[in-house]
Amino acid sequence: MLPSQPLLHAAVFALAVLQALASDTFTAAVYEHAVILPDATDEPVSPDDALALMNKNMDVLEGAIKEAAQQGAHIIVTPEDGIYGWRFTRGTIYPYLEDIPDPAVNWIPCTDPARFAPAPVQERLSCMARNNSIYVVANIGDKKPCNSSDAGCPSDGRYQYNTDVVFDPEGKLVARYHKVDTVLFPTAWMNVLPFLTAVEFHSAWAMGMGVNFLAANTHYTSMSMTGSGIYAPDGARTYYYNMKTEDGRLLIAELDSHPRLSPAFPPAVNWSLYALSVERFSPNDHDFRGRIFYDWFTFTEVTKPEGNLTVCQKDLCCHLSYKVAGKREDEVYVLGAFDGLHVVEGQYYLQICTLLKCKTTDLNTCGQPVETAQTKFEMFSLSGTFGTNYVFPEVLYSGVQLAPGEFEVLNDGRLISKTRPTKPVVTVTLFGRWYEKD
């Protein structure tokens, strides 16, 4: 299917409906769903069989929606692919698709199911929202007919879209866009260490962009899919990461309706102010290269129990001040820098400064995925000479755990520990995106 549909943006989309809430805060819910998958097949199943599979998943989602509403949630976000899964070709997914109308038609499928072509999935989702007086965000498949007068029309005469839908507490299909404080993100996110686990990056994105971020991930551990959360600009409110079982999880937390107006909203950051004001901490005599997700980083080893280090690549210099609570001989950390265009599975320009644990004491393993560590730090301070204002601060502890409340970003661009970190560190990262250079 196509990745998005113009009206109902399928990847990240923001909703104005929450601004209708009179309160200064609202209660959000996300549900990480262990999807019931269809059997693999080369031929399309019948519409009845497709609906039966989708109803099994919606049975589970409905239970989560009812529980969220009973706990006072105003909105719940469910995952991408959460109703029918994946394992499809263009042809085999067709029985699972419905025609989703323009929200401007002012339609409540629950009370008027016959107004358009049969849409039992939209009808049921609408009723879930209406019966529980809650906004429901779900991901379903859309189909739109086309003909030869459209040069882009596929040969089978239809467009197919992966689409997010939103139903309001009356069950009405809604989608309205403008500058927003809350981003809703149904996803099927496959985790990639050390920088791109769902909980790690989504919490960092919320902080870097100054928004609430509601992320509902699919739960499927054999494809490294787990990690949902409710994130605010000042840190994670709640999150879930579980690679040990196939259990779903409902998360609920309170958020500011307008975080930018909150006294706790982080101040504006000049990401390169501090880093440009200091001389290089250390020479590059022992720098070496290592690869992370196909990108070649420049590394320098953290060899002493405490100190100051600098590593540079192109225009990016990364500065680290640190103190280790007992240097271990069986664990190695490096300071790394990357300044370049990433070209695998997409093309985007990155500037990254990172303190990370290597997989083993062999420096050739630096940058390989690591989930656990034993080394604790007394303090850390990381900064870089970034050329972009879009920088996302990440701190990941052993066991893929976040560190809410234990670090902060100063207005001069330093990512620092506020208190002594309570758990061993896997990575401390400033992940910069230079969109203009993509």
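This is a predicted model: local features need pLDDT of at least 70, side-chain atom pairs count only at pLDDT 80 or more; totals for chains, interfaces and linings use all residues.
With a relative accessibility of 0%, Gly-413 counts as buried, because buried means under 20% relative accessible area. This glycine sits in a loop, with β20 (407-409) on one side and β21 (415-417) on the other. Leaving aside residues up to four places away in sequence, Gly-413 touches Val-269, Asn-270, Trp-271, Leu-382, Ser-383 and Leu-430.

The average pLDDT of the chain is 92, and 94% of the residues score at least 70. Residues 1-14 call for some care in reading: pLDDT stays under 50 over this stretch, for which the model has 52 contacts beyond four places in sequence.

Attention now turns to helix α3, which covers residues 198-209. At 1.5 Å a residue, the 12 residues of α3 should span 16 Å, and the 16 Å between the C-alpha atoms at the ends of the helix agrees with this. Of these 12 residues, 10 are buried, so α3 is largely enclosed by the rest of the structure. The buried residues are Ala-198, Val-199, Glu-200, Phe-201, His-202, Ser-203, Ala-204, Trp-205, Ala-206 and Met-207. After α3 comes Gly-210, which has a positive phi, near 70°.

Definitions and conventions: Residues are numbered from 1 along each chain as its sequence is written. Side-chain values use heavy atoms; hydrogens and water are left out. Helices (H or I, at least four residues) and strands (E, at least two) are DSSP runs, numbered from the N terminus. Buried means under 20% relative accessible area, exposed over 50%, partly exposed in between (1.4 Å probe, protein chains only). Contact means heavy atoms within 4.5 Å. pLDDT is the predictor's confidence in each residue, from 0 to 100. The expected span of a helix is 1.5 Å times one less than its number of residues.
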